[in-house]
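Hello,

Here is the structure I promised to pass on to you. Please open it alongside this email, and my notes follow below.

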Amino acid sequence: MKISVSMLSTYLYCPRKLFLQKVLQVEEIPKESLVLGSIRHEVYDFINKAEENLVKSITEKPEYEKLREIYRQAYARKVREAIIRNRARIREVNLDIVNVFKRTWPYITAEAEERAQNIFNFIKEHNVYGDELWGKLIPKIISELSIESDTLQLKGIIDKVEIYKESYIPIELKTGKAPKEGLWPGHKIQIVAYALMLEEKYQKPIKEAFVHYLDNKEKRHITINPFMKEEIINLVKEIQELLEKKSLPNYCENRNKCVNCGAKETCYNEQEVDILMSEIH
Ligand code: SF4
């Protein structure tokens with residue numbers, strides 16, 4: 001049975017949490033950050049889908065400010081639409097839509113500026129427009145790329161992939177605090193898994209990947225090495241066994257993790273856990 005890549009990071013965070021979610025079907029209380037994160041994902045998805053038409057519509061040398069404005073306006077419209085679509089979930093976590101817009105817009109405007117700059121520089125260097133500009137543009141960027149691997153027994157959706165002639169670079173977008181250096185272990189395992197899955201799917205060597213910590217505005221780099229594949233395969237096996245065994249893992253050793261865990265209400269409620277366990281035996 002293939003498992004999702006996000007399960008790797010949940011398992012590393014706490015095996016008991018994964019068990020509660022996937023075997024006992026405990027739903028997490030929707031947290032503010034989850035709702036904000038999924039709105040951002042919806043907008044990023046639009047951004048990538050709209051990119052081709054936007055680029056093809058550039059038929060003459062643009063001023064950078066004008067180009068940036070075109071991007072900003074298109075994206076602002078989509079942020080508003082995504083917020084309206086999610087207003088019930090926004091209410092559930094006691095936020096209001098103005099506040100959500102204010103907290104979402106800085107990320108999206110940064111993306112608009114980055115993409116506008118990328119196109120502007122490319123035009124300056126290659127002097128091409130419209131369809132030809134789109135055809136020659138490097139890197140092209142796709143987001144929300146669905147991917148599966150029979151070898152790794154994994155499936156998932158990559159936030160963003162930059163496509164170069166010789167290689168692909170996967171990028172995961174994360175909200176919340178970045179670690180002092182490097183990547184959080186769960187984020188590392190996730191991006192490595194995606195890099196290996198891309199390599200298998202497109203038969204191109206993937207040597208690097210990034211996790212973009214949106215709140216810190218920092219892209220953290222990771223070099224992919226061949227030993228990582230074995231680590232992922234072993235982890236997937238452990239998880240598959242955990243899901244099949246039907247025995248509840250212990251509480252995690254680092255109880256600090258429990259403070260921010262969305263499953264803690266059920267996790268510490270022994271009676272509820274006993275009832276749920278009796279249902280699967
Ligand atoms: S509350 Fe703690 S022990 Fe329970 S699932 Fe969450 S992290 Fe694990």
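**Around the ligand**

The shell around the ligand is made up of Cys-14, Arg-16, Lys-17, Leu-20, Tyr-251, Cys-252, Lys-257, Cys-258, Cys-261, Ala-263, Lys-264 and Cys-267; a residue is near a molecule or strand if its C-beta atom, placed from the backbone, lies within 6 Å of it. Helices (H or I, at least four residues) and strands (E, at least two) are DSSP runs, numbered from the N terminus. By class, the shell has eight nonpolar, no polar and four charged residues. Here Ala, Val, Leu, Ile, Met, Phe, Trp, Tyr, Cys and Pro count as nonpolar, Asp, Glu, Lys and Arg as charged, and the others, Gly among them, as polar.

Two notes on how to read all this. This is a predicted model, in which local features need pLDDT of at least 70 and side-chain atom pairs count only at pLDDT 80 or more, while totals for chains, interfaces and linings use all residues. Residues are numbered from 1 along each chain as its sequence is written.

**Domains and core**

The domain assignment of the protein chain gives domain 1 (1–26 + 140–245) and domain 2 (31–137), with bounds that come from an automatic or database domain assignment. The centres of domain 1 and domain 2, taken over C-alpha atoms, are 24 Å apart. Two residues are in contact if their C-beta atoms, placed from the backbone, lie within 7 Å.

A residue is buried if 20 or more other C-beta atoms lie within 10 Å of its own, exposed if 12 or fewer, and partly exposed in between, with C-beta atoms placed from the backbone. The core draws at least three residues from each of domain 1 and domain 2. Not counting residues up to four places away in sequence, Tyr-75 touches Val-43, Ile-47, Ile-108 and Ala-112.

**Helix α1**

In helix α1 (residues 5–13), Val-5, Met-7, Leu-8 and Tyr-11 are buried. Seen down the axis of α1, its buried residues fall within an arc of 150 degrees, so they line one face of the helix; the arc is that of the directions from the helix axis to the C-beta atoms. Their cover includes β1 (3–4), α2, β3 (154–163), α8 (185–202) and α9 (227–245).

**Backbone points to look at**

Most residues other than glycine have a negative phi, and most peptide bonds are trans. A cis peptide bond joins Ile-138 and Pro-139, with omega about -5 degrees. Pro-139 lies in the loop between α7 (130–136) and β2.

Asn-94 has a positive phi, near 60 degrees, and is found in the loop between α5 (87–92) and α6 (97–126). Asn-94 is exposed, with 8 other C-beta atoms within 10 Å. Lys-217 has a positive phi of about 55 degrees and lies in the loop between β5 (208–213) and β6 (218–223). Lys-217 is exposed, with 11 other C-beta atoms within 10 Å.

Arg-220 is in strand β6 and counts as buried, with 21 C-beta neighbours inside 10 Å. Leaving out residues up to four places away in sequence, Arg-220 touches Ala-178, Gly-182, Leu-183, Phe-210, Val-211 and Tyr-213. Arg-220 and Glu-181 are 39 residues apart in sequence and 8.4 Å apart in space, C-alpha to C-alpha.

Glu-32 is in helix α3 (residues 32–56) and counts as partly exposed, with 14 C-beta neighbours inside 10 Å. Beyond its neighbours within four places in sequence, Glu-32 is in contact with Val-93 and Leu-95.

Best wishes
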